[in-house]
Amino acid sequence: LCTIPLLFVGGLVTTKGAGLAVPDWPTTFGYNPFLYPWSMMVGNIFYEHSHRLVASAVGLLTVMLAVALWLGEKQRWLRRLGAAALALVIAQGVVGGLRVVLLEQTLAIVHACLAQAFFALAVSLALFTSDEWRKSSPKLAASDAGRLQRLSLITTGLVYVQVIFGAVLRHTGEMLALHLIFATIVAVHVVLLGARIFKRHPDRRELLRPISLLSGLLLAQIILGVAAYMGKFVMALPDILTITVRTSHVVVGSLMLATSLVLALRSFKLFSRGGLTQERKFIGMGTARRAGEISA
């Protein structure tokens, strides 16, 4: 929940072109960043320094989460995942700082992509530590389990690639065509995923809720994308509207990534392809046996 406003503020910094408003790092105009006078936070300095403060808060929360998992979690893989989140948030901070110091545009793009990866990992940790996930219930056999899992994974991957193209477009103005193409591909996959879930698994709330949310986010993202395109290439929009539309477009993309990932993880949690294979083998053996009896 704290990472969402961080993504919004980070997107705001890019939209406002305030990424280099503070020329030094890790200090702020030579000050300890936590002691920088509020009276001096004016113009783009306000956006960039606020971004650093919110990022520091998320970093502190990640440290607390990693420590809590390491000390209180019995499952080793979950402890390691918490450590990975900590390593990722540290890397994100370092890349952001080096982007300021080295004036490298590429680092800004990497910074944006790492932010989305960290958010996805944070959402995954929230899911893995929930009561829902910890319940030990047998996996269900479904005829389309493999297809559903593959489709949800592919959709998640496509959304992340779309996020990368969006970051390149925002920072360089390039790859608009690829961004639009992948927007279409993502939309098609979300529709296919929704059709499969609503048709084959209408009784699974664990899947219906995220696919409904993902569908709503897709609609919102299309509207925001069209508005952003119109404001940039067709007509001039008021500054406040332009800033809101472009920044919201980034955040909704992040929410689509997280929702798609949750849907993919739940599909693997709910359904077992191995159990289905055994069932098919059993049915096949029974069919062959009956065929042998009829032949005899």
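A salt bridge is a side-chain nitrogen of Lys or Arg within 4 Å of a carboxyl oxygen of Asp or Glu. The model described here is predicted, and a search of the whole structure finds 5 such salt bridges.

One of them joins Arg 134 to Glu 73, with their closest N and O atoms 2.7 Å apart. This pair links distant parts of the chain, 61 residues apart: Arg 134 belongs to helix 5 (residues 131-134), while Glu 73 lies in the loop between helix 2 and helix 3 (76-102). Arg 134 is partly exposed, at 40% relative accessible area, whereas Glu 73 counts as buried, at 10%.

Arg 266 is buried, with a relative accessible area of 15%; Glu 132 is partly exposed, at 32%.

A further salt bridge connects the side chains of Glu 206 and Arg 204, at 2.9 Å from N to O. Glu 206 is partly exposed, its relative accessible area being 24%.

The buried residues of helix 1 include Leu 6, Leu 7, Gly 10 and Val 13. Among the elements covering the buried residues of this helix are helix 2 (44-72), helix 4 (105-128), helix 6 (145-172) and helix 9 (239-270).

Helix 1 has 14 residues (3-16), so at 1.5 Å a residue it should span 20 Å; its end C-alpha atoms are 20 Å apart, which agrees. Just after helix 1, Gly 17 takes a positive phi of about 70°.

Methods. Residues numbered from 1 in each chain as written. Predicted model: local features only at pLDDT ≥ 70, side-chain atom pairs only at ≥ 80, totals over all residues. Heavy atoms only, no water. Helix = DSSP H or I, 4+ residues; strand = E, 2+ residues; numbered from the N terminus. Expected span 1.5 Å × (residues − 1). Buried < 20%, exposed > 50% of the residue type's maximum accessible area, 1.4 Å probe, protein only. Contact = heavy atoms within 4.5 Å.
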